[in-house]
Protein chains: 2
Amino acid sequence: MGLVVQKYGGSSVADAEGIKRVAKRIVEAKKNGNQVVVVVSAMGDTTDELIDLAEQVSPMPAGREFDMLLTAGERISMALLAMAIKNLGHEAQSFTGSQAGVITDSVHNKARIIDVTPGRIRTALDEGNIAIVAGFQGVSADKKDITTLGRGGSDTTAVALAAALDAEVCEIYTDVDGVFTADPRVVKKARKIDWISFEDMLELAASGSKVLLHRCVEYARRYNIPIHVRSSFSGLQGTWVSSKPIGDKKVEQAIISGVAHDTSEAKVTVVGVPDKPGEAAAIFRTIADAEINIDMVVQNVSAAATGLTDISFTLPKTEGRKAIDALERNRSGIGFDSLRYDDQIGKISLVGAGMKTNPGVTASFFEALSDAGVNIELISTSEIRISVVTRADDVPEAVRAVHTAFGLDSDTDEAVVYGGTGR
Amino acid sequence: MGLVVQKYGGSSVADAEGIKRVAKRIVEAKKNGNQVVVVVSAMGDTTDELIDLAEQVSPMPAGREFDMLLTAGERISMALLAMAIKNLGHEAQSFTGSQAGVITDSVHNKARIIDVTPGRIRTALDEGNIAIVAGFQGVSADKKDITTLGRGGSDTTAVALAAALDAEVCEIYTDVDGVFTADPRVVKKARKIDWISFEDMLELAASGSKVLLHRCVEYARRYNIPIHVRSSFSGLQGTWVSSKPIGDKKVEQAIISGVAHDTSEAKVTVVGVPDKPGEAAAIFRTIADAEINIDMVVQNVSAAATGLTDISFTLPKTEGRKAIDALERNRSGIGFDSLRYDDQIGKISLVGAGMKTNPGVTASFFEALSDAGVNIELISTSEIRISVVTRADDVPEAVRAVHTAFGLDSDTDEAVVYGGTGR
C-alpha cells in the first residue's frame, strides 16, 4: 500500500483510554506497510468547554483570539496521541495546522483552506514517522494568524492533506459503521452503503445526513480523493465515497442511494406578495443582506383575482428570528400582507443518481408518502434528489415508508449499526 | 512613561473572574500612557492536569510532544485574556512564544532562550494594541519545534521580552505583595523589601526564597532590566529588584537583605574517605555523571590517626536515591567506608552585600542561633551570604531568631502580607 490519511473525531479520543485505542489502530496501519498521516480533533467536549470559558470573559469573543483559544484543544489531543504511539514503540511527530502547511484565508472561525504545503509532513514520513496533525485549524496567508475552519473542519483538513500528499485514501473514523441508507435511529432496517458516488453523498449531506459534511465531500470530489468512512470501534469495512467503485469491486450504481431527513429547519411564508417582477428578488436580497443561508424556495401559483401570491422558504431554525426581523424591517420596501413562521416542519429527501433515467421514481415517492398518510407541504427537486416538507411529527413514519417502498430495507431483522458507544 | 512588560502567574488567571480582574489592571497601565506587553501563564492547575493526562497515555512522555501538550495551557489563557481586554474596549492581540520571537535551544522541557526577535510584538504595539504573550514557551532555532522553558519559565519569558524591547520595567505580578525579609508564613514580623540589588536577590533565590527564580533574576541582571515584584490583588507598590534604586528613590543598601530558608534538601555524608588528593574529585565526578546538581559541600578535618576523613554535601531530596545508588555502584573506585543519608535537615541563609564590609555579621549570626538553642551541622559562606544546615525542626525558630537579631522585624505587630487569596 501507500500513503493513508486517517481522521479521528473527538468521540474517538475522548479520554486516555480512547487515545490508546486509536494509537493501536494507527500502529496497525503503519505495520501494514503504509505511510500514515493522522488528523485528530479535540478530545470529547474540550471545544465546548473552551467556548464556555470565552463566553464568561466576553459576550462577543473576537475572531482572532477565539481561534487561538479553540486550537488549544487539538494541540492537546495530538500531543497525547503522539505520546501514546511512541509508547507502542513507533515514531510519531505532531504538527499544528500551521506546521502542517494548512494555509487559509483570514475569515476567523470559518476560514477556507486556500493551499496546503505539507513539506514538514513529507519529511516526517520519509524519516519513518507517523505524522499527527491538528484538525480544524490553519494559518492565514496574509497575517500568519491562527485560524479555524468551522464546523466539521477536521474532516476537511484530512481530505485537504490527502489531496496535497496524493494519498490513496482518506479514512474518516467515526462512531458509526459508515453511511446508511437512512438514519438507523429512525429506520431499524437501514443498510450500510458499501459504496456511494461523490454526487449522491453531496446530496445526502445537503439533505440532513450528518456522517460527512457537504464541504468535505465537495473538496474530496474536486481532487478525486476516495473517502472511507468507518468506525474507530469496530474495525469493519465502512462506506467508500469516490467517483468510481475502488479497485476490483464490482458495485453497480444503485438507483436510489438513500433517504435523508432533517428537522433542523423552519419555514417562513411571506403572504400576499404582489405577483410582479422583482418581488422575489426584494425578499431574498433582504435575507441575503442579513447573511442568512436559505434552503428550499417555493412560490405558489398566483390567485388571479387578487394578483397576490405567497412565497415560502426554509432556513435553519437558528436563523428564524433574524429572518423575520429583517423582513419586518423592510416590509414597506418589499410590500407584503403578513409573515408566517413555522418551526414544526421536517424535510424528507430521496437521493440517487439512478432516478434521472428511471421514470416513475417521483410517483412512487409520493405514493409511499400518501399510503403512510403523510401530507406534503412543499416539494423541491434536483436531478438526483426529491425533497418534501411535512409536519415534523410525520418524519419518522415517512422515512420508513419511503425506505421500504424503494427496496432499501435490509434482510436481517435489525442491522448492527453502532460499532461502539453508539454515541 | 514608556514600555512596560507585565507578567501574571497561573493563580492570578485561575478562572474567568481572575482573567477579568487582570484585564482591568492591564487596561489601567495602558490608560496611564504606557505601551503594554503582557506575559501570561496557564490558568490555575491547567499544566498539572495536562501532565496527568500525559502520564495516563505514556509513562515516559517524549520531550517534543510533551512540550506541544503543555503549551496548550498558555494558549488558552492568553486568548481569553485578549478577549477580556477587547471587551473593555481596548485593542489586544495574543501571540504564542513562537509568534513573539522567543527562540530557544532544542532541549525540550527545559529549553534556554538564545534569542528574542519581537518584530510582531513591536508592530502590534505600534498599531496601538496591548500585546499578550504566552509565557513558558518558545520555538527551537534549528528544528522550529515548540519548546518549553521549564519551571518558572514565564518569569524568564517576561524578562527576556523586556530586555529585547528595551522596556522600562518588567512587572512580575504574583499573589504576595513582594519579596520579604523572610518567609512571612514563618516570620510574622517579616517586612516587605522596597528595593533589593540583583546580587542579593540572586543569593536569596539560591537559598530558598521562592518569589523569583534564580534564572529569571540572572537574566534581568545580565540585561539590567529592573523587576518590580507586586501583587495582582492589592495594587500596592511591591519590591523593586535592580542594579540601583530606581529614579529619585533614596534607598540605602541594607547591610542585610533578608533571611531565607530551605527544607527541600537532604544531606549525604561519605564516611571514611582516604584523605589524599583526588578523593573528592572521584566522589563529585560520580555525582556529576549521574546529572545531579549539588548545593553545599563540606569536608571535615581529617583525623590524623586514621588518615580518613568525611565529606558531606547537600542536594535536592528528589535526587537522594539516585545519588546513593551512583555512589554505591562506584564504591570500589572511590574507596569509602559507608554512606549516611539524612533528609531531616534544613538550611538557613543570611543574605546581604553589606556583610562584606561589616565585621561581626558572622559572629552575630552564630550567636543568634546559639541563643535559640539551635545546633549547627554544616556551614558554608560566600561574600554576601552565610548558610548553615540544622535539623529541619529547628528551622522556623532559627529563622525568627536571626530575623530579630539583625533588626529586620517590622514595627507593626503583623504585616499584611497577602494582598489577595493568600494562596
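Reader: Why does A:Glu65 count as buried?

Author: The model is a predicted one, and its values are computed from it. A residue is called buried when its relative accessible area is under 20%. A:Glu65 has a relative accessibility of 0%, so it counts as buried. This residue is found in helix H3 (residues 63–70) of chain A.

Reader: Which residues does A:Glu65 touch, not counting residues up to four places away in sequence?

Author: A:Glu65 touches B:Ala79, B:Ala82, B:Met83, B:Lys86, B:Ala92, B:Gln93 and B:Ser94. Contact here requires heavy atoms within 4.5 Å.

Reader: What makes H4(A) roughly parallel to H2(B)?

Author: Helix H4 (residues 72–87) of chain A packs against helix H2 (residues 46–57) of chain B at an angle of about 30 degrees, the axes being 8 Å apart. Angles under 35 degrees count as roughly parallel, and H4(A) is therefore roughly parallel to H2(B). The crossing of H4(A) with H2(B) is right-handed.

Reader: Which residues meet where H4(A) packs on H2(B), and how do they divide by class?

Author: From H4(A) come A:Ile76, A:Leu80, A:Met83, A:Ala84 and A:Asn87, which meet B:Leu50, B:Leu53, B:Ala54 and B:Val57 of H2(B). This contact holds eight nonpolar residues, one polar and no charged.

Reader: What makes H3(B) roughly parallel to H4(B)?

Author: The axes of helix H3 (residues 63–70) and helix H4 (residues 72–87) of chain B cross at roughly 20 degrees and come within 4 Å. Since the limit for roughly parallel is under 35 degrees, H3(B) is roughly parallel to H4(B). In this contact, B:Met68, B:Leu69 and B:Leu70 of H3(B) meet B:Ala72, B:Gly73 and B:Glu74 of H4(B). By class, four of the residues are nonpolar, one is polar and one is charged.

Reader: Is B:Thr309 buried or exposed, and how do you know that?

Author: Its relative accessibility is 3%, and because buried means under 20%, B:Thr309 counts as buried. B:Thr309 is placed in strand S16 (residues 308–316) of chain B. B:Gly272 is 37 residues from B:Thr309 in sequence, yet their C-alpha atoms are 5.3 Å apart in space.

Reader: Why is B:Asn109 called partly exposed?

Author: Buried means under 20% and exposed means over 50%, with partly exposed in between. The relative accessible area of B:Asn109 is 30%, so B:Asn109 is partly exposed. B:Asn109 lies in the loop between strand S4 (102–104) and strand S5 (113–116) of chain B, and has a positive phi near 75 degrees although it is a residue other than glycine.

Reader: What is the phi of A:Lys144, and where does this residue lie?

Author: A:Lys144, also a residue other than glycine, has a positive phi near 60 degrees. A:Lys144 lies in the loop between strand S7 (137–140) and strand S8 (146–148) of chain A.

How values were computed. Residues numbered from 1 in each chain as written. Chains lettered and ligands numbered in written order. Predicted model: local features only at pLDDT ≥ 70, side-chain atom pairs only at ≥ 80, totals over all residues. Heavy atoms only, no water. Axes fitted to C-alpha atoms, helices over the stretch in contact; angles between N-to-C directions. Helix = DSSP H or I, 4+ residues; strand = E, 2+ residues; numbered from the N terminus. Parallel < 35°, antiparallel > 145°, perpendicular 65-115°, else oblique. Left-handed = near helix turned anticlockwise from the far one by under 90°. Nonpolar A, V, L, I, M, F, W, Y, C, P; charged D, E, K, R; others polar. Buried < 20%, exposed > 50% of the residue type's maximum accessible area, 1.4 Å probe, protein only.
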